[in-house]
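Have the selection tool ready.

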Amino acid sequence: MENPSYNTDIVRSFVTWSLVWGLVAVLVGVIVSFQMINPDLNFGPYLTFGRLRPIHTNAGIYGWGVGTIFATFLYMVQRLCKQPLWSDKLAKFQLWFFNATIIASAVTLLLGYTTSKEYHEMEWPIDIMVVILWVVFAVNIIMTIINRKEEQMYISLWYMMAALIGVAILYLVNAAAVPASLFKSYSAYAGTNDANVHWWFGHNAVAMALTAPPLAMFYYFLPKSTGVPIYSHRLSIIAFWSLIFMYLWTGAHHLLWTPVPDWVQTLAMAFSIMLIAPSWGSVINGYLSMNGQWHQMKENYLVKFLILGITFYGLQTLQGPMQSIRSFSAFIHYTDWVPAHIHMGTMGWVSMISYACIYYLVTRISGRDLYSVPLANLHFWLALVGQLLWTVPLWVAGVLQAGMWNAMNEDGSLTYTFMETMVEMYPFWWARGIAGVIFMIGVLIFIYNIYMTVRKKESAPSTATAEGRA
Amino acid sequence: MDWASILYLGITFGLFVIFALIVVRTYSRKRKDENEVAKFRMLDDD
């Protein structure tokens, strides 16, 4: 079949901007982690923990995460459909509107405009920008899929479509609000309904933005990197549909022991446990795809990122359901265990997969060998050590915190004051801050390697290097 | 049981049936090759 002319410029631009926002997210994350150790590092009113923390999360999810989704989806859809993008102009508009939305979000959050809904802090005018951005993206991808030259859809396309539709529904429903002024609105829902809708959004944003897209990327870039197909396409299809059928019921596990009806909590708990099956369907498919190829874990830096990424996905999807059980949730909820869980997902799963994809894309698009494979390997170890040093101490901290909060004297009074439990956290928070610095050094090396790759003299990449081996 | 509950149960059952049909279709012996062919396309050059 004749090779159609694919749009790679837009992919390159999204890679660039996702790197920029990814660095911002990590840098602000490091700053807020040290603000928790030393409150004097809060410089009011703009640079306080309360204003910087949502910038860290939003830059991470929407700037780095979604920016990488835009880059990889626009790359994958053209190749999986053997069809150029439906509209290059729309993609270009999407790029600029994406950056405008991220900047508007950051500025308004710094100024203190917030809905106070976690992961959906931006006020209504920016909500409208997000909706326009997503519709433009979705239309372009879906129209390309409709016009595809390949009849059968590879599994990545299914995950991509789920993400496009899922995010749209979640965001629109949770964003329903009554504006009171230009930067103040009130939720369309009240009381527990508001909380229930919000966590239906919150947890499924994890599903549709931070699970389905990285799985689409994993299924595409693993065979591209190893040079062998995935173990079973049929297993991937079943895992996909069971994930889609189950995920949307689980949001209320964030609201265990709250006034939300018991049956809603139980339903969420049950579906969360069931979700282990489809999640591990993908993990096992990934591992079995490595049959006879495990030597590549030593030789191929892309495979290291991808396989460690899917491993952390597997661990994440065991820990998450465990946390959704009422008795366990009662113990660890509101402790530092929870941010550790989230960061294993973001630093271990989503970022590891995204790093592999970007390394692959940059060498392919630029037509050059990677500047330094040893630096890529160093980046891998810094990302791994940084993530583990972040999460493991915070799990220990969470258990310690929960134990101290629950400790009682014989007369029924609390053994420890809240301040005493806070003081015990300092060593763990230091470990987190240092881990963040290690992780950030890895990101800086990653960006340096990418920069040096694209600026060096033109040279056709060897097949081995383009696939991650060198 | 009120109408809302019946509707809720019906939708849940309907979703389960759809899922079961997807599993049966995907793992049908007749379609085994057809359902696996897509993965080999990944070996094509980008």
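The tour below goes from stop to stop along chain A.

This is a predicted model, where local features need pLDDT of at least 70, side-chain atom pairs count only at pLDDT 80 or more, and totals for chains, interfaces and linings use all residues. Residues are numbered from 1 along each chain as its sequence is written, chains are lettered from A and ligands numbered from 1 in the order in which they are written, and side-chain values use heavy atoms, with hydrogens and water left out.

**Stop 1: a cis bond**

Select A:Gly44 and A:Pro45. The peptide bond from A:Gly44 to A:Pro45 is cis, and its omega is near -5 degrees. Most peptide bonds are trans. A:Pro45 sits in the loop between helix 1 (9-37) and helix 2 (49-80) of chain A. Helices here are DSSP runs of H or I with at least four residues, numbered from the N terminus.

**Stop 2: a nonpolar patch**

Now select A:Leu41, A:Phe43, A:Tyr46, A:Leu47, A:Ile103, A:Val107, A:Leu111 and A:Tyr113. Together they form a nonpolar surface patch with about 710 Å² of accessible area. Nonpolar side chains (Val, Leu, Ile, Met, Phe, Trp, Tyr) are joined within 5 Å, like charges within 9 Å. Areas come from the Shrake-Rupley method with a 1.4 Å probe, and for residues only the protein chains shown count as cover.

Zoom in on A:Ile103. This residue belongs to helix 3 (residues 88-110). A:Ile103 is partly exposed, at 44% relative accessible area. Buried means under 20%, exposed over 50%, and partly exposed in between.

**Stop 3: two positive phi values**

Most residues other than glycine have a negative phi. Select A:Lys82, in the loop between helix 2 and helix 3. Its phi is positive, about 50 degrees. A:Lys82 is buried, at 16%.

Next, select A:Ser116, in the loop between helix 3 and helix 4 (124-146). Phi of A:Ser116 is also positive, near 70 degrees. Is A:Ser116 buried or exposed? It is exposed, with 64% relative accessible area.

**Stop 4: a buried lysine**

Move to A:Lys117, in the loop between helix 3 and helix 4. A:Lys117 is buried, at 12%. Which side chains does it meet in polar contacts? One is A:Ser187, at 3.3 Å. Another is A:Asp194, at 3.2 Å. A polar contact is a pair of N or O atoms within 3.5 Å; within protein, one must be able to donate a hydrogen and the other to accept it, and residues adjacent in sequence count only if both atoms are side-chain atoms.

Finally, show the contacts of A:Lys117 (heavy atoms within 4.5 Å). Leaving aside neighbours within four places in sequence, they are A:Asn174, A:Ser187, A:Asp194 and A:His198.

Technical notes: Patch = residues over 30% accessible without salt bridge, like charges linked within 9 Å, V, L, I, M, F, W, Y side chains within 5 Å. Salt bridge = Lys/Arg side-chain N within 4 Å of Asp/Glu carboxyl O. Buried < 20%, exposed > 50% of the residue type's maximum accessible area, 1.4 Å probe, protein only.
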